[in-house]
Amino acid sequence: NIQEILQIVLQRTMGAVNAKIGSIMILDEQKQTLSIAAAEGLDKSIIDKTTINLGEGIAGKVVQTGEPVLVEDVEQDARFMKANDPKYETSSFICLPLRTRSKVMGVLNLSKRGDKKSFSQSDLNFLHTLLGHIGFALENARLLKDAKEAANKLRQVIDQQKRQLTAAQQQTIQSLKLSALGQLLAGVAHELNNP
């Protein structure tokens with residue numbers, strides 16, 4: 001189950017770098033949007049209503065470029081230079097792309113380090129390596145899900161074909177019964193007319 005894998009990945013990566021808030025956002029390729037698929041430390045209302053367009057915000061840009069973002073202090077970082085949200089306690093965060101073999105499928109967001117220190121380049125390097133291996137598991141889970149969906153569709157088609165075959169057989173049997181009854185009646189009528 002991809003959902004279970006994502007939740008386990010999130011919990012393990014958060015534990016590895018002592019993050020207290022984390023989320024995994026998955027890319028909907030048709031809509032070109034990201035939405036939260038797994039989260040820890042976030043309100044349900046935030047999880048349900050958060051949708052980011054590809055290329056917008058930090059997560060959207062990370063998916064678009066495929067490059068991770070490490071911010072040691074959002075208030076001092078020249079890319080952002082904005083006040084830190086008090087709910088995060090620390091102004092450091094990490095946003096990493098989740099890659100499969102061929103593409104970026106989403107992002108991992110981590111913030112609010114438990115020891116109130118900033119995330120470091122070594123944290124980023126460790127997580128980047130870890131997520132490289134996890135990408136294979138996610139790709140395999142996705143392929144398994146696709147295979148199960150294809151098997152279910154095939155099963156539905158087979159069931160429908162069986163129902164149609166059964167109906168055709170019943171119709172043939174009914175036709176044969178009517179044909180035999182017609183022949184019987186023709187024979188009886190012949191005998192009555194020609195004793």
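I began with the hairpin that strand 5 and strand 6 form, with four residues between them; strands here are DSSP runs (E, at least two residues), and helices are runs of H or I of at least four residues, numbered from the N terminus. The model is a predicted one, in which local features need pLDDT of at least 70 and side-chain atom pairs count only at pLDDT 80 or more, while totals for chains, interfaces and linings use all residues. Residues are numbered from 1 along each chain as its sequence is written, and side-chain values use heavy atoms, with hydrogens and water left out.

**Strand 6**

I looked up the pairing next (two strands pair if DSSP finds at least two bridges between them). Strand 5 (residues 93-99) runs antiparallel to strand 6 over seven bridges, and Phe-93 stands opposite Ser-111. Strand 1 (residues 19-28) also pairs with strand 6 in the antiparallel sense, over seven bridges, with Ile-24 opposite Leu-108.

Is strand 6 (residues 104-113) largely enclosed or open? I found 10 of its 10 residues buried (under 20% relative accessible area, with exposed over 50% and partly exposed in between, for a 1.4 Å probe and protein chains only), so strand 6 is largely enclosed by the rest of the structure.

**Asn-109**

Asn-109 lies in strand 6 and counts as buried at 17% relative accessibility. Leaving aside neighbours within four places in sequence, I noted its contacts (heavy atoms within 4.5 Å), among them Ile-21, Met-25, Ala-59 and Cys-95.

**Leu-184**

Finally I turned to helix 4 (residues 121-193), where Leu-184 is found, and noted that Leu-184 is exposed, with a relative accessible area of 54%.
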